[in-house]
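Work through the exercises below with the structure open. Try each task before reading its solution.

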Amino acid sequence: MLKIEHLTKKYGDKIAVDDLSLTVEDGKICAFIGHNGAGKTTTLKAIAGIINFDNGKISINDIDIQSDPLKAKLQMAYLPDNPDLYEHLKGIEYLNFIADVFNLSVEERKKNIEEYAKRLEIYKDLIDPISSYSHGMKQKLALVSALIHKPKLLLLDEPFVGLDPISSHQFKMILQELADSGATIFYSTHVLDVAEKICSDVAIIKQGKLIVYDTMEKVKGMSSLEDIFLELENEKHD
Amino acid sequence: MKNTINLAKIYFKEMLTNSFSRSSKRSGAKNALTFALLFIFIAVCLGYMIYNFAVLQVSVSGSAKGIIVLGLLIATIMVIMMTAFDTQGYFYQSKDYELLQSLPIKTTSIITAKYISSYIMSFIYNSMIAIPTFVIYFCFEQISALSIIFAIIGLILLPAFTQLIGSLLAWIVNIISSKMKNKNIIRSVISILFLILVYVFIYSADTTAFVDAFIGQVPIAIKIVLPQIYFLHNAITSSSILWMLAFVLTSLAFTSISILVVSISYKKINSDLNTNIKSKKKGKIYYKKSKPISTLIKKEAKTFFSSPIYLINGIIGPVLVIIMAVVLANGMNGLAGESLNIFAVISMTLFTLVLGIVPTTAVSISIEGSKFYSLKSFPIRYESIIFSKIGFNFILSFPFLLIAQIILWVVNPFEIGICILLFFYYIISLILYASFGMLMNLKMPRLKWSSETQAVKQGGSMITTMIVNMIVSFLPLIMYFILMSYIKSIVLYMCIMFVINFALLIVVLTLLFTLGKKLYNKIQ
């Protein structure tokens with residue numbers, strides 16, 4: 001379970017995230033939507049423990065990210081919008097590095113790497129250096145690295161960018177399976193139709209403030225998520 | 001032309017931004033001020049050294065004319081060491097290559113802008129010695145308006161030679177490696193070979209060119225290899241317009257050749273470098289569990305050996321230790337007693353000086369770039385990250401230090417007590433310098449860069465670490481002259497030095513695990 005209470009993050013005078021509170025329960029997939037510069041990445045980075053914040057509290061399964069960051073990070077995986085990987089390593093070396101960091105046994109890492117790398121069709125390429133990978137392959141490798149320790153909280157920043165249709169479909173299924181097994185998934189996206197299909201909850205952020213947070217069904221009602229989002233965005237210009 | 005100037009401006013701004021500050025919003029004026037203060041500090045220190053040379057020169061030959069050749073020779077060697085290996089980072093495999101190629105800008109404009117950018121770095125390093133050299137020369141010799149104008153023109157055009165060396169090296173290294181499978185290994189190997197070649201040249205020049213220059217004569221080697229210095233020396237000392245013309249024409253020729261060389265196959269080399277030649281699938285997928293700390297150290301090693309700029313920057317110190325050991329061993333052969341003890345003190349200074357120049361830790365965070373944020377999101381303790389970075393620096397440098405010690409020991413062994421104290425002094429120094437470099441990189445990380453050269457060479461942490469470590473490494477020599485008038489035992493002196501260094505280490509480590517941790521958390 002991800003619980004954010006009154007999160008505020010400032011960059012100088014600019015308030016990037018303003019008193020944001022939300023709770024994403026176990027087994028939920030929550031889409032985090034907002035215009036460019038709304039504060040999505042800042043929020044995700046704050047949850048991942050990458051940046052400090054000015055106010056508020058973030059806990060992952062009741063573990064405070066600020067007071068016990070290591071324990072909190074063990075429970076989660078964070079995938080940035082444009083993952084920068086260690087290009088001089090081979091794919092498998094990178095995955096072993098991540099597995100070591102999460103202290104996975106040989107059996108565990110073998111099982112999970114094989115499962116996810118095969119499903120995302122990158123298994124055979126794992127012996128190649130990452131520098132030889134295409135953008136999509138790097139994205140797939142980053143996804144596998146985020147999944148190998150079966151995180152209880154998955155934080156994803158635009159995870160579908162660069163994925164081919166088959167991998168994209170596979171990844172949606174993987175997300176659903178993880179959610180079914182009780183994991184929490186919180187991801188930012190601009191692809192609203194995908195969010196509409198796979199997410200149980202939706203949070204909309206505007207200029208750092210959370211303006212909507214509810215179940216997908218309640219938010220979109222009879223219209224589409226795109227219509228709702230555009231309507232809320234237009235309110236800004238009125 | 002407009003595009004060239006605009007691009008050069010962007011590169012210059014990029015060079016200043018983030019070099020001395022964690023915040024990209026820090027004003028350029030503040031960064032420039034920090035840079036200027038550091039520059040003045042180094043120039044004054046080097047100026048003091050050149051002044052002493054000049055005083056000696058006047059006492060030997062009655063004139064300080066030779067100081068120009070000596071100063072500019074030292075400047076050229078220093079600039080080659082500091083920048084020649086980095087020139088390739090400006091022209092090849094920079095992150096903006098594809099963007100610039102997609103824009104309607106002539107390739108020559110791009111190359112010229114990059115050339116100007118690297119020229120500025122050479123100019124800065126060169127000026128650190130050249131300015132004090134000219135000032136001191138004018139203090140001792142007759143001054144004229146013409147000679148001052150010549151000195152100013154000389155200052156501006158002098159980096160043309162080092163730029164030529166850098167461009168040639170960059171072109172050769174990259175044209176060869178672009179055709180190879182293991183590009184980075186090839187680039188590193190050729191760069192190291194060049195480094196060794198430079199040392200061999202300096203070492204052989206030590207007994208010829210330097211001595212000639214010192215007694216006020218322009219050595220033949222300089223006339224042939226560095227005609228620029230010869231022409232400028234003649235122009236300033238005799239206020240000759242003809243010699244100045246020769247200097248200007250030579251410099252312009254060097255500049256044209258540099259740009260021309262890099263222009264050859266520029267696009268092909270860059271596209272080949274960006275294309276990975278895939279070999280048939282080799283090896284197999286393996287699953288091996290390692291302790292997090294050992295996997296982190298392995299990651300540090302792989303990062304180090306895969307980046308030619310990082311590798312050259314980090315390997316200079318260890319390689320110099322061996323060279324210093326050979327030079328010292330030559331000097332101390334057959335000595336005993338007090339004379340031999342002085343060599344122990346000199347070795348303490350020299351070994352720690354070269355090892356402290358650029359510990360890998362001083363740029364180990366900057367080189368991570370945006371990967372650092374991923375590292376921060378992993379469940380890894382701050383202490384483990386710090387330990388892995390300092391640990392790798394130790395693993396890299398220690399064997400060289402050990403070999404250097406053995407060389408000295410084989411030639412003329414110190415007393416056993418001195419040997420043991422020296423050994424522990426070096427270990428403490430290695431950790432001290434690496435820890436300080438780490439602290440500086442936490443204070444001034446440069447995570448946004450378009451080429452590795454910016455991360456490795458243009459960070460404030462690297463420059464600050466270098467200066468502070470240089471000062472600390474001179475402590476043994478200074479303390480020797482202070483302490484030895486009170487205490488007569490070299491062993492006691494070494495014990496005191498060990499305690500001083502150990503106390504410094506405790507202070508730096510305390511800072512690293514308190515202030516450093518806060519700085520680490522603040523990096524965003």
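**Exercise 1: the core**

Of the 212 residues in the largest nonpolar core, C30(A), V144(A), L155(A), V202(A), V321(B) and F351(B) touch the most other members. This is a predicted model: local features need pLDDT of at least 70, side-chain atom pairs count only at pLDDT 80 or more, and totals for chains, interfaces and linings use all residues. Residues are numbered from 1 along each chain as its sequence is written, while chains are lettered from A and ligands numbered from 1 in the order in which they are written.

Task: find the helix that gives the most to this core.

Solution.
- A nonpolar core joins buried Ala, Val, Leu, Ile, Met, Phe, Trp, Tyr and Cys residues through C-beta atoms within 7 Å.
- Buried means 20 or more other C-beta atoms within 10 Å of the residue's own, with C-beta atoms placed from the backbone.
- The helix is α20 (residues 416-443) of chain B, with 15 residues. Helices are DSSP runs (H or I, at least four residues), numbered from the N terminus.

**Exercise 2: a bent helix**

Task: locate the kink in α16(B).

Solution.
- α16 of chain B covers residues 308-332 and reaches 35 Å from first C-alpha to last. The expected span is 36 Å, from 1.5 Å times one less than the number of residues.
- The kink, about 35°, lies at I315(B), shortly before P318(B). The bend is the angle between axes fitted to the seven residues ending there and the seven starting there.
- After α16(B) comes G334(B), with a positive phi near 85°.

**Exercise 3: an enclosed helix**

Task: explain why α8(B) is largely enclosed.

Solution.
- α8 of chain B spans residues 159-178.
- Of its 20 residues, 16 are buried, so the rest of the structure largely encloses α8(B).

Terms used: Helix = DSSP H or I, 4+ residues; strand = E, 2+ residues; numbered from the N terminus. Buried ≥ 20, exposed ≤ 12 C-beta atoms within 10 Å, placed from the backbone.
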